[in-house]
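Visitor: Can we go through this one together? I'd like to start with the strands and then move on to the domains.

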Amino acid sequence: MTDLYPIIRSQEFFKEFSEEDVHEVVGCATNIVLHQGQYVFREGEPANHFYLIRHGRVSLELFAPGRGPVIVETVEEGEPLGWSWLIPPYKWHFAARCDTLLRAIALDGECLRRKCEENPKLGYHLMRKMAEMMESRVQASILRMLDLYGNKH
Amino acid sequence: MATSIERAVGAADPMVPAPYVVERFIRETQDTFSLELEPFDPSAELRFLPGQFNMLYVFGVGEVPISISGDAAEPKKLVHTTREVGVVTRAMRGLKPGHTIGVRGPFGTSWPMEAAKGHDVVLVAGGIGLAPLRPALYWILRNRDDYGKVVLLYGTRSPEDILYSKELAKWRSQFDLEVYITVDRATSEWRGNVGVVTKLVGRAPFDPADTVAMVCGPEIMMRFAVEELARRGVPTSDIYVSMERNMKCGIGLCGHCQLRGEFVCKDGPVYRFDAIEPLFMEREL
């Protein structure tokens, strides 16, 4: 079986990680392929994984009664997907549907959490990257709450 | 590579509106529309540069500044796109082919079409901010060999709010122009990006060290777009923004659009970002 090290190493998310730390992470990784229309995960399901998208696009959906599924964000090649694996109760708050053929690295959440406990340096780097992702998503949410495009004429 | 602002072409008598006839009224989205105008005097023409604006006068109602959104290569056909937001633009929405409207202009500075030659060009538009950028895109497409990679990043509220959707579809199918569109919210029928336009900056294919960026939209969107462009490595001296203030006279006399020492109608609306940066963050301006 081919080692996923070179693939994970090439991901933007892991660019600043040491060789040692990436090798640790490889032990939690599997390669996945999903087809257009398939769900990576569904709202309410246990959040067991964290994904790095290598190819394709995923829509994050929230089901609103009376309105059907509303897309709240799309995530593309090179971007990480999902942080619920990190925070109890480890359940997905959104559904992730493939808009296209999807190739991704799936990292086992429990495995990652265990490695972070055992290796605080890896844990710190991973938490810092996750915090960056969260910060950028929160900032994007704030911008959207402002209804940015509504006032110019 | 610090680029520079291009200056306005002056009008003969800037305070006297010239009569124009509404040739076409185009409903663009639920709350935006375009007016295609032709001069009352068939020999007249209005030469402008991309990014400039006109004062449009609905007789008996009032006058408003609206960016020109048509093609500078067609000076006999004037196009303005606006959102219905006040008394004058509401009256404008009621105009029909054959009606007359007053036009003063063109006023203000333009997008740096000359300075951008030989470089990649990134246009970042938010909402109706696409309208003042459309003339720049027409210009580039007419002179395509003068520019490097050209990327349009456009964000709007929903798929229904996409401006110039037919033209965007045409531009997307061209091989010499990259068009990325994102919306704030969508239903599952939408097959494009969902998220803020600033997110597209990180993904777009251009060389940050050799790029001129033109940004137009609400100021807060421009602020975050500039931050993202700078994060990608585009110097702020190569980023241009279009400011919007309460322009009245159009020639820097009345002071309605004054921003510290700047008269946005005359010194703007297009500014090189590094020149206006200190004012950008100031409150109550």
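This is a predicted model: local features need pLDDT of at least 70, side-chain atom pairs count only at pLDDT 80 or more; totals for chains, interfaces and linings use all residues.

Visitor: Fine. What is the bridge partner of Ile71(A) in β10(B)?

Guide: Ala186(B) is the partner of Ile71(A).

Visitor: And how many bridges join β5 of chain A to β10(B)?

Guide: There are 2 bridges between β10(B) and β5 of chain A, residues 68–76. The two strands run antiparallel.

Visitor: What is the strand order in the open sheet with β10(B)?

Guide: The order is β2(A)-β7(A)-β4(A)-β5(A)-β10(B), an open sheet of 5 strands with antiparallel pairing.

Visitor: Which are the edge strands?

Guide: β2 (39–41) of chain A and β10 (186–187) of chain B, each of which pairs on one side only.

Visitor: Switching to domains. Where are they in chain B?

Guide: The assignment puts domain 1 at 18–107 and domain 2 at 120–280. Their C-alpha centres are 21 Å apart.

Visitor: How many residues are in contact between the two?

Guide: On the domain 1 side of chain B 21 residues, and on the domain 2 side 20.

Visitor: Which elements give two or more residues to the domain 1 side?

Guide: In chain B, β1 (18–29), β3 (53–58), β4 (62–67), β5 (78–83) and β6 (100–107). The largest share, 3 residues, is from β6(B).

Visitor: How do the residues on that side divide into nonpolar, polar and charged?

Guide: The domain 1 side that touches domain 2 in chain B has 8 nonpolar, 9 polar and 4 charged residues.

How values were computed. Residues are numbered from 1 along each chain as its sequence is written. Chains are lettered from A and ligands numbered from 1 in the order in which they are written. Domain bounds come from an automatic or database domain assignment. Two residues are in contact if their C-beta atoms, placed from the backbone, lie within 7 Å. Helices (H or I, at least four residues) and strands (E, at least two) are DSSP runs, numbered from the N terminus. Ala, Val, Leu, Ile, Met, Phe, Trp, Tyr, Cys and Pro count as nonpolar, Asp, Glu, Lys and Arg as charged, and the others, Gly among them, as polar. Two strands pair if DSSP finds at least two bridges between them.
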